[in-house]
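User: I'd like to get to know this protein through its pockets, sheet and helices. Shall we look at it together?

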Amino acid sequence: MLGFVFDVDDTLYEQIVPFRDAYNKLFKHKVDIEKLYCLSRYYSEVKYEDSRNGNMTVDEYHIYRVKQAANDLNIILSDEEALNFQKEYKKNQGRLEMTELTKSILDYSLGNNIKLAVITNGPSDHQWSKVKVLGVENWIHKDNIIVSGDLGINKPDKRIFEHAEKKLNLNKNKLFFIGDSLENDVIGANNADWNIIWINRYNQKLPKDVKVYKEVKNNEELFLELKKIVKESL
């Protein structure tokens with residue numbers, strides 16, 4: 001039996017959609033939204049540990065990542081503007097939807113007796129609210145939805161993967177982690193000796209010392225790859 005374990009953000013939904021909508025509502029500056037989004041994700045990861053361990057307040061963390069990303073594109077935002085953006089972005093995340101393609105991927109997996117799970121980084125309440133809005137529990141049992149904020153362990157720490165491994169009761173070579181983050185998902189799965197399918201939506205460069213089972217660009221390519229994995233396992 002195989003196990004497919006999914007990240008949430010930019011995997012079960014595209015995080016750039018609520019980000020773009022928040023920006024377009026609040027700001028008039030013309031900007032490459034994809035670049036701004038990717039920069040905000042980068043700065044989010046830079047200070048994630050500081051936000052988690054209390055060295056930064058939540059508001060300081062949100063202000064930092066938006067202001068730094070905007071500054072790199074020659075846009076100067078005040079603390080108030082950055083915080084207002086975060087509030088609008090969070091509001092948009094309350095209206096998240098999976099695409100029909102993503103639903104089909106999960107339907108297909110269940111129909112082929114694949115064990116499913118989620119590992120997602122973030123504060124417990126925030127990540128669980130996204131899980132609820134997306135309807136993840138229609139496919140994945142709550143016990144197999146692992147939120148770092150509940151454990152005090154974050155990807156790329158291999159212990160969070162080992163926690164999922166015990167729940168699914170599968171060998172490492174039967175486990176495939178599906179995620180977008182190079183730092184958290186790809187390196188995390190490498191740390192745990194899992195197979196990693198990397199959804200590289202924004203054409204990042206893979207370091208030479210990091211391996212992936214398969215790199216895909218979008219969920220269309222992901223679905224084809226998962227079907228291939230299932231077929232080869234029969």
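User: Which residues lie nearest the centre of the second largest pocket?
Analyst: Its lining is made up of 17 residues. Here a pocket is an open set of points on a 1 Å grid over the protein atoms alone, where a 1.4 Å probe fits, with protein on both sides within 12 Å along at least five of seven lines; lining residues have an atom within 4 Å of a point. Nearest the centre of the second largest pocket are Cys38, Arg41, Tyr42, Glu45 and Gln204.

User: What kind of model is this?
Analyst: Residues are numbered from 1 along each chain as its sequence is written, and side-chain values use heavy atoms, leaving out hydrogens and water. Local features need pLDDT of at least 70 and side-chain atom pairs count only at pLDDT 80 or more, while totals for chains, interfaces and linings use all residues, since this is a predicted model.

User: Which element gives the most to the lining of the second largest pocket?
Analyst: At least two lining residues come from each of helix 2, helix 10 and strand 5 (195-199); helices (H or I, at least four residues) and strands (E, at least two) are DSSP runs numbered from the N terminus. With 6 residues, the one that gives the most is helix 2.

User: How much space lies in the largest pocket?
Analyst: There are 41 lining residues, and those closest to the centre of the largest pocket are Tyr48, Tyr61, Arg65, Pro123 and His126. Helix 5 gives the most to this lining, with 7 residues. The space in the largest pocket is about 870 Å³.

User: In what order do the strands of the open sheet run?
Analyst: The sheet has 6 strands with parallel pairing, where two strands pair if DSSP finds at least two bridges between them. Strand 3 (145-147) and strand 6 (214-216) are the edges; each has a single partner strand, so one side of each is left without a neighbour in the sheet. The twist from one strand to the next averages 20°. The strand order is 3-2-1-4-5-6.

User: In strand 6, what is the bridge partner of Ile199?
Analyst: Strand 5 and strand 6 pair in the parallel sense over 3 bridges. In strand 6, Ile199 is bridged to Val216.

User: At what angle does helix 9 run to strand 2?
Analyst: Helix 9 (residues 158-168) lies across strand 1 (3-6), strand 2, strand 3 and strand 4 (175-179). Helix 7 lies across strand 2 (115-120) and strand 3, at about 150° to strand 3. Helix 9 runs to strand 2 at about 160°.

User: How are helix 6 and helix 11 oriented to each other?
Analyst: Helix 6 (residues 100-111) and helix 11 (residues 219-233) pack at about 10°, with axes 10 Å apart; axes are lines fitted to C-alpha atoms, for helices over the stretch in contact, and angles run from 0 to 180 degrees between N-to-C directions. Contact means heavy atoms within 4.5 Å. Angles under 35 degrees count as roughly parallel, over 145 as roughly antiparallel, 65 to 115 as roughly perpendicular and the rest as oblique. Helix 6 and helix 11 are therefore roughly parallel.

User: Which residue has a positive phi although it is not a glycine?
Analyst: Most residues other than glycine have a negative phi, and most peptide bonds are trans. A cis peptide bond, with omega about 20°, joins Lys155 and Pro156, and Pro156 is in the loop between helix 8 and helix 9. In the loop between helix 10 and strand 5 lies Asp193. With phi of about 60°, the residue you asked for is Asp193.

How values were computed. Grid points are joined across faces, edges and corners, and a volume is the space filled by probe spheres set on the points.
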